[in-house]
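This report describes a single protein chain, moving from its overall build to individual residues. Please keep the sequence and the model in view while reading.

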Amino acid sequence: LNSVNLASCGNLTDAAVVALAGHCPGLNSVNLASCGNLTDAAVVALAEHCPGLTSVDLDNRENLTDAALDDIAKHCPGLTSVNLWDCGIWTNAAVVALAGHCPGFTSVILLGCGELTDAAV
């Protein structure tokens, strides 16, 4: 398995994503948009077990913290596409970490990230 789209799976839990990451280290694309129950634990597991991720969609993920993005940045330097649309909690530090560790970006969506300032751009 190299791609999984779990968007809008509102009852999905961290445990399921942790298991997925542990059993599918070859994942390169993950869509977790609008999966309301997920926390940093799910994203950290993906980052640590799936270092070949090139595309991550965390659209509408209000309960994640900068720590989740920092882990993705550190463990998945081959990221080329990230969607953080409507994730109002990300700070400049998280976006700067992504840019610093993942130089090959071709698509970054930050629409609706109200905490960001000029420093993130």
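Accessible areas come from the Shrake-Rupley method with a 1.4 Å probe. By this approach the protein, which is a predicted model, exposes about 5,500 Å², and carbon and sulfur atoms supply 57% of that area.

## Overall build

The protein contains four helices and five strands, and these follow one another along the sequence in the pattern β-α-β-α-β-α-β-α-β. The radius of gyration is 13 Å, close to the 14 Å that the globule rule gives for 121 residues, so the protein is as compact as a globular protein of that length. Along its principal axes, the C-alpha trace spans about 40 × 25 × 20 Å.

Of the 121 residues, 42% count as buried. If attention is limited to contacts between residues at least 6 apart in sequence, 79% of these join residues that are at least 24 apart.

## The sheet

The five strands form an open sheet in the order E1-E2-E3-E4-E5, with parallel pairing. Its edges are strand E1 (3–5) and strand E5 (107–109), each of which pairs on one side only. Neighbouring strands of this sheet are turned against each other by 5° on average, direction ignored.

At one end of that order, strand E4 (residues 81–83) pairs with E5 in the parallel sense over three bridges. Ser-81 has Ser-107 of E5 as its bridge partner.

Asn-83 also has its place in strand E4. Is Asn-83 buried or exposed? With a relative accessible area of 12%, Asn-83 is buried, because buried means under 20% relative accessible area. Leaving aside its neighbours within four places in sequence, Asn-83 is in contact with Val-56, Asp-57, Leu-58, Asp-59 and Ile-109. Ala-15, by contrast, is 68 residues from Asn-83 in sequence and 23 Å from it in space, C-alpha to C-alpha.

In helix H2 (residues 40–49), the buried residues are Asp-40, Ala-42, Val-43, Ala-45, Leu-46 and Ala-47, and they pack against helix H1 (14–23), strand E2 (29–31) and helix H3 (66–75). One of them, Leu-46, is in contact with Val-17, Ala-21, Leu-27, Val-30, Leu-32 and Leu-53, leaving aside its neighbours within four places in sequence.

Helix H4 has Asn-92, Ala-94, Val-95, Ala-97 and Leu-98 as its buried residues, and H3 is included in what covers them.

## Loop residues

Most residues other than glycine have a negative phi. Ser-8, although not a glycine, has a positive phi of about 65°, and Ser-34, likewise a residue other than glycine, has a positive phi near 60°.

Ser-8 is found in the loop between E1 and H1, where its relative accessibility of 56% means that it counts as exposed, the cut-off for that class being over 50%. Ser-34 is found in the loop between E2 and H2, and with a relative accessible area of 28% it is partly exposed.

At 30% relative accessibility, Thr-91 counts as partly exposed. What does Thr-91 touch, leaving aside its neighbours within four places in sequence? Its contacts of that kind are with Asp-66 and Leu-116. The C-alpha atoms of Thr-91 and Thr-65 are separated by 8.8 Å, while the two residues are 26 residues apart along the chain.

Terms used:
Residues numbered from 1 in each chain as written. Predicted model: local features only at pLDDT ≥ 70, side-chain atom pairs only at ≥ 80, totals over all residues. Heavy atoms only, no water. Helix = DSSP H or I, 4+ residues; strand = E, 2+ residues; numbered from the N terminus. Rg over C-alpha atoms; globule rule 2.2 N^0.38 Å. Buried < 20%, exposed > 50% of the residue type's maximum accessible area, 1.4 Å probe, protein only. Contact = heavy atoms within 4.5 Å. Pairing = 2+ DSSP bridges. Axes fitted to C-alpha atoms, helices over the stretch in contact; angles between N-to-C directions.
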